[in-house]
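Dear colleague,

I am handing over the structure below, and my notes on it follow. Please read them with the model open beside you.

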Amino acid sequence: MNIIDTIFKFNGGIKADTKKSVSTVRPIKKIKMPKQLILPLRQHVGKVAKLKVNIGEKVLKGQLLAEADGNVSAAIHAPTSGTVASLEKQLIPHPSGLPDYCVTLIPDGKDTWVEKKPINWKKIDRKETIKKISESGIVGLGGATFPTHLKLNNNNEVKTLIVNAAECEPYITCDDMLMREKSAELIEGIRLALHLLGAQNAIIGIEDNKPEAIEKLALLIKNDANISIKIVPTIYPSGDAKRLIYLITGIQIAKGKRSTEYGMQMFNVATIIALYKFIHCGEPSITRIITITGKVRTPNNYEVLFGTPLSDLIIDAGGKASQNGSFIMGGPMMGYKLPSVNVPVTKAMNCVIDAEPEMIENNNPVLPCIRCAKCAEACPVNLQPQELFWFSQSNQFEKAENYNLFDCIECGCCSYVCPSNIPLVQYYRYAKSEIISDRYAKEEADIARERNDFRLERLQREKEERAKKIAERKANTSSDEKSKVIDEKRKAITEALERVKQEGVSEKND
Amino acid sequence: MINQQSPFIQKAASVTNIMLMVILALVPGLIFYVYFFGVGVLLNVFVASLTALIAEYFVLKMRKLPPKVYLSDGSALVAAWLLALSIPSIAPWWIIVVGTLFTIVIAKHFYGGLGSNIFNPAMIGYAVLLISFPAIMTKWPSPIENSLSIESIRQALQVFFYGLTQVGDGLTSATPLDYIKTELLQGQILPDITIRNVGLATILTSNQIISLAYLLGGIVLLHKKIISWHLPITYLLSLSFISGLFHLIDPNNYSTISFHLLNGGTMLCAFFIITDPVSGPTTPKGKIWFAFMVAILVYVIRVFGGYPEGIAFAVIFMNICVPLIDNLTQPKVFGHG
């Protein structure tokens, strides 16, 4: 074990008031079984899971409810035993605020497990294990919800596993609390992930504002030469994948490249513990840790079953689960406002902030940009946000693209520091969506034009072919041809006459 | 405004805070200015501020912008202060009014107001005054004793309202930059000039102390991260470099580094004028190039040009180059090889 000290600082970033300590004073809590669990069929990146149970069917805890549809998809399991009550469109935690298909499960209160099947990962081929993981429903629990089995599969190019324990967004503490309480499982999980990836060493990247977690982890890996800890400064967005890799290794993952091309793969701590639970205990992905914080009386971390109504958690934490409230899912920097408090907990839900009014209502006037470049100083991608803003607001999208608009990770640092109070990220989102829809429209137009060109060409070709055919037919009966035939006939006749003449002459001579 | 999208938190920074900090950082310099040269400069600052706010109010009304919001941003005040501190403290009131009006109405709002003015408004105001009223703009006060005595204040008020003619030229003296330039043109050499002119020695001291007070304010701005180090540090280093080089080659005709650093508007320029974000470059490298070029131009105008001080012209000229500088100095984006 070693603790690596040297870090490679990226440009900018921000040191915000993290507001983390309020939710780390109490241990991770569980709440009593909710009356119903609502499980959206799409809680992951990729295709919607395919329902495998019938309405009215009794299911056991951990039983498959919906299976992964293809490779880029993830299964959904019953978080407890009970009855499948319905499949209908319900409100889900999504920025669009649109409802989506959800399975409603009425718990029977017994919480009876299906037969758990732990996997003896040391004995069987790792490809085999990864295949089993594709049925576990495990997705990236840091918030990205990318199916985990896809990230495990690699052709031996991954040498280093980076464990993302930075948790850089203010307010969120679920990973911190998980590391404090489940440090042994995490380290076991890291060993497991190393095996599955075929990687040699693991580096845990963790912000220096989590001394308790660091201490616990350091103790556990004291004699492990393959796992090390890299303490990074508390600067948002240190937990962004590319930024964390740079902090740890000094390698900048080029635009459009994947970390695996550089021999690295990154997993969030919660994902690794989910892997551990699946392999060692045979438990599929049915719970997660979520931070409930903000205005609530007792901010806390909860271990909750997926599908638990968010309102239950808000009430338990001493908040008001009223429709009028504003709830932010994820951190305050990159999260989004929930359409309602009546949404279920999903795999992506790492934190919900019962928002203070000043987070939602911004009473400071928006002033013109004074080009102070505080945003450029704060940009972790080293962009020039003030230029991007200028181009975005004046619809000069091509210039915005030339200034690398699409490298923007929408981390919000620029908006955070802007003294003119300009909602910069919103301008970039606008510009990006305009460019994408323009591109789409252009593609559509290109296809339409191509189709039209092709049609015109076809019509022209048909016309030419027809004309050629007619001409050919005409040519067959044309005067030229006729005279040629006649000439030939005449020629034959004269030749014949000539012959007759000559024969006559020779006869006479005889 | 309702925040529908992230981020939901914001740093408590505002344009108003920035502008107020800039004004506060000017105060030490102002205090020493008053101490050495009398209350005239206070009258300048007061009238400039008043004119700026009134002009700003009416222009905002005309442009249908909320005056309350924009007046409180403090940018008009900063421009007014910079102009007032740049012109002689014995200038009559109408000079300040004309200069401030030009600064606010034309140099700022005709170009689009806060954030859109391509030239430093105070420098435009200054340049207009210098070209239009060269006699007034080149008469600088000589240091006075007991600057806060009733007699001195009465005199300052008299000059302010009626101009110098009523009081006589006894109050004026050439600035060190001006004096040395004139003497050099008459074929004198530097060591002789400084020894011969006893008064110059005291003026040097008072100017130096004011300069050091501006430097102090500038350091506060640097420390508070209101301004980035690139501009002032590069400017001062570049000016030191070029003046040092010439002085080294010919000490008889070219003044020392410290003379150039502590005279004229060098410190004001380094920390308060070229640091105007609106009309300056935004990239780190761009700031370095900008400051370097301003320093070179200032030196060239001071030493070889027709004017004793060249800051306004150097800054205005470099303002024109800002879009080009920014364009050519884009920093490398993360992950772009």
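I begin with a strand pairing: within β17 of chain A, A:V352 is the bridge partner of A:I292. That bridge belongs to the pairing of β13(A) with strand β17 (residues 351-354) of chain A, which is parallel and extends over four bridges, where two strands are said to pair if DSSP finds at least two bridges between them, and where helices (H or I, at least four residues) and strands (E, at least two) are DSSP runs numbered from the N terminus.

Before going further, please note that this is a predicted model, in which local features need pLDDT of at least 70 and side-chain atom pairs count only at pLDDT 80 or more, whereas totals for chains, interfaces and linings use all residues. Residues are numbered from 1 along each chain as its sequence is written, while chains are lettered from A and ligands numbered from 1 in the order in which they are written.

Strand β13 (residues 287-294) of chain A is mostly covered, eight of its eight residues being buried; a residue counts as buried if 20 or more other C-beta atoms, placed from the backbone, lie within 10 Å of its own, as exposed if 12 or fewer do, and as partly exposed in between. Both faces of β13(A) are covered, with A:T287, A:I289, A:T291 and A:T293 buried on one side and A:R288, A:I290, A:I292 and A:G294 buried on the other. Strand β14 (residues 300-305) of chain A runs antiparallel to β13(A) and is joined to it by six bridges, one of which pairs A:T287 with A:L305, and the two strands form a hairpin with five residues between them.

Elsewhere in chain A, four strands make an open antiparallel sheet in the order β2-β8-β7-β4. At its edges stand β2 (37-40) and β4 (58-59) of chain A, each with a single partner strand, so one side of each has no neighbour in the sheet.

The UniProt annotation "binding site", from an unreviewed entry, covers A:C369, A:C372, A:C375 and A:C418; UniProt positions are given in the numbering used here, feature names are shortened, and annotations may be inferred rather than shown by experiment. These residues span 50 residues in sequence, yet no two of their C-alpha atoms are more than 10.6 Å apart, so they gather at one spot. A:C369 is found in the loop between α9 (357-360) and α10 (374-378) of chain A and counts as buried because it has 25 C-beta neighbours inside 10 Å. Leaving aside residues up to four places away in sequence, A:C369 touches A:Q386, A:F389, A:S420, A:I422 and B:G115, contact meaning that the C-beta atoms, placed from the backbone, lie within 7 Å. A:C375, by contrast, lies in helix α10 of chain A and is buried, with 28 C-beta neighbours inside 10 Å.

As for the two chains, 46 residues of chain A are in contact with 33 residues of chain B, and α13(A) gives the most to that side of chain A, with three residues.

Finally, chain A is divided into domain 1 (2-316) and domain 2 (367-477), bounds that come from an automatic or database domain assignment. The C-alpha centres of these domains of chain A lie 36 Å apart, and 11 residues of domain 1 are in contact with 11 residues of domain 2.

With best wishes
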